[in-house]
Amino acid sequence: MSRAVLSAGSNVGDSMAYLRSVVDGFAADLVAVSSVYSTPPWGGVEQDDFLNITLIVDGRHDARQWLGRCAELERSAERTRDIRWGPRTLDVDVISVADAGSVIVSDDPVLTLPHPRAAQRAFVLIPWLEIEPDATLWTPEGERAVADLVDELDAADRDAVRCVGRVAVGRETAGRDSAGRETGGSA
């Protein structure tokens with residue numbers, strides 16, 4: 001069994017529907033899904049704001065299988081990769097994977113784990129912290145509390161991440177956060 005933290009974002013087309021497709025696509029493995037956050041684009045490309053969610057999934061998949069499922073959802077959303085960090089219908093990233101309780105660390109160029117820029121991205125950390133208040137992320141400096149990483153972000157970056165609702169999650173796919181509270185619900 002492995003546990004993965006995934007981040008999904010969209011800023012082209014029906015972004016809520018694309019995020020819902022991610023929740024639906026991982027429904028069988030879903031542990032928790034964050035609220036939807038509106039976030040400014042990252043990476044310097046002029047474009048519309050993104051809608052982002054973070055998910056925690058748990059299942060009989062290895063890290064590459066989680067990545068493969070993310071790629072399938074992107075293909076279904078007709079994702080194109082024309083401009084690095086550019087606009088997209090759907091982007092689903094594997095942020096971190098733990099197998100049998102051990103965090104997988106990999107510098108493989110196809111799947112670098114944990115995600116090499118996750119500790120810098122408020123749009124990943126803030127939704128993650130919502131659904132797992134005690135979350136930690138492996139960094140080159142060692143395991144770090146996500147709450148501490150959020151505190152170290154520029155205040156303007158933190159303040160720009162705004163909760164705007166929820167992806168509708170059916171009772172059969174509603175997860176639970178680390179405190180056992182039901183997550184998901186109507187937008």
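These legends go with a set of close-up views of a predicted model.

**View 1. Arg69 and Asp29 meet in a salt bridge.**
Here we zoom in on one of the six salt bridges in the structure. The side chains of Arg69 and Asp29 come to 2.5 Å, N to O. Arg69 sits in helix H2 (residues 63-76) and Asp29 in the loop between helix H1 (15-25) and strand S2 (30-33), so this contact ties together parts of the chain that are 40 residues apart in sequence. As for accessibility, Arg69 counts as buried at 18%, and Asp29 is buried too, with a relative accessible area of 13%.

**View 2. Asp108 forms a salt bridge with Arg64.**
The closest N and O atoms of this pair are 2.2 Å apart. Asp108 belongs to the loop between strand S7 (106-107) and strand S8 (112-113), while Arg64 is in helix H2, making this a link between distant parts of the chain, 44 residues apart. Both ends fall in the partly exposed class: Asp108 has a relative accessible area of 22%, and Arg64 comes in at 44%.

**View 3. Arg166 forms a salt bridge with Glu130.**
For this pair, the closest N and O atoms are 3.3 Å apart. Arg166 lies in the segment after strand S11 (162-165) and Glu130 in helix H3 (residues 122-131), so the bridge ties together parts that are 36 residues apart in sequence. The two ends land in separate accessibility classes: Arg166 is buried at 17% relative accessible area, whereas Glu130, at 28%, is partly exposed.

**View 4. Phe26 and Trp66 make a tilted aromatic pair.**
A search of the whole structure turns up one aromatic pair, and this is the place to look at it. The ring centres of Phe26 and Trp66 are 6.1 Å apart, and the planes sit at 40°, so the pair counts as tilted; stacked would need planes under 30 degrees apart, and edge-to-face over 60. Phe26 is in the loop between H1 and S2, and Trp66 is in helix H2, so to speak another link between distant parts of the chain, 40 residues apart. Phe26 and Trp66 are both buried.

**View 5. Strand S1 pairs with S4 and with S5.**
Strand S1 (residues 2-10) has eight of its nine residues buried, so it is largely enclosed by the rest of the structure. With strand S4 (residues 50-59), S1 pairs in the antiparallel sense over nine bridges.

S7, S8 and strand S9 (136-139) each supply at least two lining residues, and S9 gives the most, with three. By residue class, the lining of the second largest pocket splits into nine nonpolar, five polar and two charged.

Terms used. Residues numbered from 1 in each chain as written. Predicted model: local features only at pLDDT ≥ 70, side-chain atom pairs only at ≥ 80, totals over all residues. Heavy atoms only, no water. Salt bridge = Lys/Arg side-chain N within 4 Å of Asp/Glu carboxyl O. Helix = DSSP H or I, 4+ residues; strand = E, 2+ residues; numbered from the N terminus. Buried < 20%, exposed > 50% of the residue type's maximum accessible area, 1.4 Å probe, protein only. Nonpolar A, V, L, I, M, F, W, Y, C, P; charged D, E, K, R; others polar. Phe/Tyr/Trp six-rings, centres within 6.5 Å; stacked < 30°, edge-to-face > 60°. Pairing = 2+ DSSP bridges.
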